[in-house]
Amino acid sequence: MAETDMDDLIEIIEKEGNLKDIPTTLPMMPVRDVVIFTDMLLPLFVGRDKSIKAVEESLSTDRYLFLSAQKDSEVENPKADDVYEMGTVGRIQKMLKLPDGRIKALVQGISKARIVRYVKKRSWFQVEIELVKDVELDEVSIETEALMRNVRESSEKILALRGELSGDVGLLLEHIESPGKLADLVASNLRLKVEDAQVLLETSDPEKRLARINDLLARELELSTVQARIQTDVKDEISKSQRDYFLREQVKAIHRELGDTDDKFAEIEELKAKIKKAKMPEKAETETFKQLRRLEQMHSDSSEASIIRTYLDCIVELPWKRSTKDFLDIEKSAALLDKNHYGLDKVKERILEYLSVRKLNPGLKGQIICFAGPPGVGKTSLGQAIAKAMKRKFVRISLGGIRDEAEIRGHRRTYIGAMPGRILQGLRQCETNNPVFMLDEIDKLGSDFRGDPSSALLEALDPEQNDEFSDHYLNMPFDLSKVLFILTANMTDTIPSALLDRMEVIRIPGYTREEKLTIAQDHLFPRQLKENGLGRRHITISSGALESVISEYTLEAGLRELERKLGSICRKIARKIAEGKKGKYGIKKQSLTSYLGPPKFLPELDQEESQAGLVTGLAWTEVGGEPLYIEVALCHGKGDLSVTGQIGDVMQESARAALTYTKANMEQFGINKEAFEEKDIHIHVPAGAIPKDGPSAGIAMATALISAFTGKVVSNQVAMTGEISLRGRVLPIGGLKEKALGALRVGIKKIIIPEKNRKDLYDMPKSVKKKIEFTCVKELDQVLEIAFEPESKPAAGKKSAAGKKSAAGKKSAAGKKTAAGKKTVAGKKTASGKKS
């Protein structure tokens with residue numbers, strides 16, 4: 001029953017409220033899972049914004065509040081149709097604001113009322129009401145008096161079964177003479193469903209309401225009787241279980257004397273043997289034997305015994321001391337890596353360095369290496385190759401989309417269905433404590449109210465701490481220092497800095513066309529032949545055809561789309577052979593159209609001709625580098641600047657800096673002052689559906705602006721990347737290798753880069769440097785000298801109309817979507833923290 005002081009409750013019931021003081025318009029608060037009756041006094045916890053405002057409005061006036069039950073308690077923001085029309089006018093007796101922003105209000109029911117209309121619905125509900133009075137009885141009949149006595153007796157029996165009966169309660173029930181008030185008091189303390197309680201509230205006839213209460217009390221009395229009997233049976237069962245336990249222990253002792261064992265005793269002995277065989281650390285072994293003793297004292301069918309048994313099985317199956325012997329023949333490992341992976345010299349060199357150090361220092365702690373690069377460049381297969389070269393077991397788990405910290409650290413054993421984290425599960429499955437453990441998609445970890453998995457990984461991936469890794473389920477330290485962790489990521493921007501600091505990042509930018517051709521000939525095509533049931537006697541493919549597939553049907557940094565295209569060719573040949581068409585099929589460049597359709601990418605023809613106001617920049621994306629075309633158009637106006645193409649804040653600042661530089665040096669470029677006052681400037685970066693940002697397009701925007709104002713044509717064979725300052729200095733960028741590979745894929749012959757990025761050319765593949773001319777510049781003047789075609793270079797002092805329509809106004813194919821709709825994120829963090 002509701003916790004109410006007895007004297008206060010009697011006073012409330014005896015008090016005849018002055019209903020004339022109740023206003024006809026009141027703030028309304030919907031309540032969940034309870035129906036408020038008249039004379040009812042109960043605390044309410046108010047947490048919803050509308051309800052809090054309704055309470056505050058009530059307190060600011062006369063403390064009256066209309067309370068109506070929700071039809072569905074699951075609705076968080078109820079509308080007018082979600083609450084019952086019939087409710088109760090209540091008065092707030094006390095109010096307390098809680099630290100979490102909620103309000104605790106002590107409310108007394110005054111009178112039933114019905115909603116006439118809603119006056120206000122936005123900030124809180126304000127309703128116009130009309131009071132509803134019970135049907136007045138001239139006198140209490142014999143039948144009603146008998147019904148009231150029956151209700152009192154049933155209420156006392158229920159309270160007695162619950163152990164809540166006291167003399168004060170009996171006095172209270174005897175004190176009430178009104179059938180309606182008695183019905184309301186009992187109804188407010190019965191555990192009724194909202195629908196049943198609402199029916200009682202809407203019943204205006206006290207005798208009918210009392211009769212309904214009597215029926216409900218009869219059912220509740222039956223339920224309480226059954227509940228009491230069940231509790232008695234449970235106590236008897238517990239006593240019986242204790243007696244059975246002592247008898248079973250005596251039987252067990254007899255069995256031991258006879259040299260016989262039962263099933264549970266055999267299970268305990270088996271677990272003891274496994275614990276000793278596991279050779280776990282002393283602390284872990286002590287805790288394990290402690291849990292085993294608890295299991296020994298429990299009934300085998302109890303739920304807790306099942307939990308402990310599962311926990312012990314997990315502990316004894318973990319590889320505490322089991323390790324595989326490393327194979328450290330450097331020459332054979334190098335040959336194996338070269339056989340399975342073409343190119344990637346820097347990555348293979350780092351792997352062989354690790355194996356060499358491991359050979360000289362067997363006690364070396366496990367390293368944490370992160371392969372970062374676009375999809376399809378072989379990050380996962382490299383991890384498998386490392387495991388194969390060292391003859392270690394390989395474990396891989398994907399972290400993409402994981403938001404629960406328990407996935408890493410495990411669940412605490414207090415939860416039903418608890419299990420270890422995925423790291424310990426992987427070690428349990430591979431049965432060794434020194435595997436090559438790949439954590440895939442580390443850049444796609446999430447976080448929410450269940451914790452931050454990336455923070456949980458800090459301990460596992462720190463060589464100075466992971467020798468005592470703590471898993472919540474295991475609740476004892478486990479040594480991860482022998483594990484070689486290899487992580488993969490498409491980009492490192494989303495990896496928390498603290499986690500990134502614990503790993504050595506090896507970037508795999510992608511493959512050149514020559515590398516793709518060799519990989520296709522030696523690896524991809526033979527694999528597709530095998531998967532499609534073909535052999536060399538069925539099909540051959542020329543080098544020219546492979547080159548065409550690479551350059552005209554794919555545009556990617558990795559190899560996945562290339563392998564899909566080769567698989568498509570093989571499947572079409574397989575169908576012909578399956579239909580009985582015999583012969584050896586030779587795939588030539590000219591016959592590709594019949595297998596793959598027309599070419600999808602013609603990068604060399606992306607710009608039909610060099611144009612004024614159109615410049616090729618370079619962007620870094622998580623799937624590799626891509627060209628970023630910058631278009632500038634001038635039109636009559638007032639000198640306004642507009643930038644379109646889903647440009648981010650950083651690129652918009654670059655555009656404004658480029659315009660300021662152009663204005664400051666207009667005399668040098670021969671631009672009339674009136675051109676800036678009479679022309680509106682529109683800078684557009686095509687593929688407007690793709691967000692773009694980052695500080696690497698400054699010089700491209702400045703060149704496009706100067707080209708548009710002077711009418712000078714920018715060579716379509718030149719691409720550029722770099723940020724610009726207001727003084728015309730060219731500032732460094734990041735991701736140069738990926739951008740260069742992207743430029744090579746679309747046929748760019750020359751790239752202009754900042755002088756401070758000259759150091760990045762050291763790691764540039766030789767095949768790229770042979771095909772692309774890299775020019776390092778310090779000032780924008782040098783950029784213009786290279787970018788403008790010879791006959792189009794601006795002459796200092798020569799005025800340009802800048803108003804006539806130039807080639808920049810022509811529509812170019814450069815505006816089409818690049819990379820088949822890949823998301824272009826022109827920003828990438830460099831070592832200095834900038835984006836490029």
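**From a cysteine to the chain around it**

Mentor: Cys-570 has a relative accessibility of 0%, so this residue counts as buried. The model is a predicted one. Cys-635 is partly exposed, because its relative accessible area is 40%. A disulfide is a covalent bond between the sulfur atoms of two cysteines. The structure holds zero disulfides.

Ser-568 belongs to helix 20, which covers residues 560-578. With a relative accessibility of 14%, Ser-568 also counts as buried. Leaving aside residues up to four places away in sequence, Ser-568 touches Tyr-595 and Leu-596.

Strand 17 spans residues 624-636 and runs antiparallel to strand 16, residues 614-621, with eight bridges joining the two.

Five strands form an open sheet in the order 8-9-12-7-13, and their pairing is parallel. Strand 8 (394-398) and strand 13 (504-507) stand at the edges with a single partner strand each, so one side of each has no neighbour in the sheet. From one strand to the next, the twist averages 20°. Strand 7, residues 368-372, pairs with strand 13 in the parallel sense over four bridges. Within that pairing, Ile-369 stands opposite Glu-504 of strand 13. Helix 13, residues 379-390, packs on this sheet and touches strand 7, strand 8, strand 9 (436-440) and strand 12 (484-489). The direction of helix 13 makes about 175° with that of strand 9.

A further region to look at is the loop between helix 14 (406-409) and helix 15 (422-430), where Gly-410 has its place. Gly-410 counts as buried, because its relative accessibility is 2%. Gly-410 and Gly-421 are eleven residues apart along the chain, and their C-alpha atoms are separated by 3.7 Å. Residues up to four places away in sequence not being counted, the contacts of Gly-410 include Met-419, Pro-420 and Gly-421, and also Asp-471, His-472 and Tyr-473.

Strand 3 shows burial along a whole element. Six of the six residues of strand 3 (residues 64-69) are buried, so the strand is largely enclosed by the rest of the structure. In a regular strand the side chains alternate between the two faces of the sheet. In strand 3, Tyr-64, Phe-66 and Ser-68 point one way, Leu-65, Leu-67 and Ala-69 point the other way, and all are buried. Strand 3 pairs with strand 1 (residues 25-31) in the parallel sense over four bridges, and Met-28 stands opposite Phe-66 in that pairing. With strand 4 (residues 86-97), strand 3 runs antiparallel, again joined by four bridges. Tyr-64 stands opposite Arg-91 of strand 4.

The structure holds six aromatic pairs. One of them is Tyr-118 with Phe-125, whose ring centres are 5.8 Å apart with planes at 70°, so the pair is edge-to-face. Phe-125 counts as buried at 3% relative accessibility. Trp-320 and Phe-478 form a tilted pair, with 4.9 Å from centre to centre and 55° between the planes. Trp-320 is buried, its relative accessible area being 8%, and Phe-478 counts as buried at 2% relative accessibility.

For the chain as a whole, there are 28 helices and 24 strands. Of the 836 residues, 48% are buried. Among contacts between residues at least 6 apart in sequence, 75% join residues at least 24 apart. The accessible surface comes to about 42,000 Å², and 49% of that surface belongs to carbon and sulfur atoms.

Note on methods: Residues numbered from 1 in each chain as written. Predicted model: local features only at pLDDT ≥ 70, side-chain atom pairs only at ≥ 80, totals over all residues. Heavy atoms only, no water. Pairing = 2+ DSSP bridges. Axes fitted to C-alpha atoms, helices over the stretch in contact; angles between N-to-C directions. Contact = heavy atoms within 4.5 Å. Disulfide = S-S within 2.5 Å. Buried < 20%, exposed > 50% of the residue type's maximum accessible area, 1.4 Å probe, protein only. Areas by Shrake-Rupley, 256 points an atom, 1.4 Å probe, with all protein chains shown as cover. Phe/Tyr/Trp six-rings, centres within 6.5 Å; stacked < 30°, edge-to-face > 60°.
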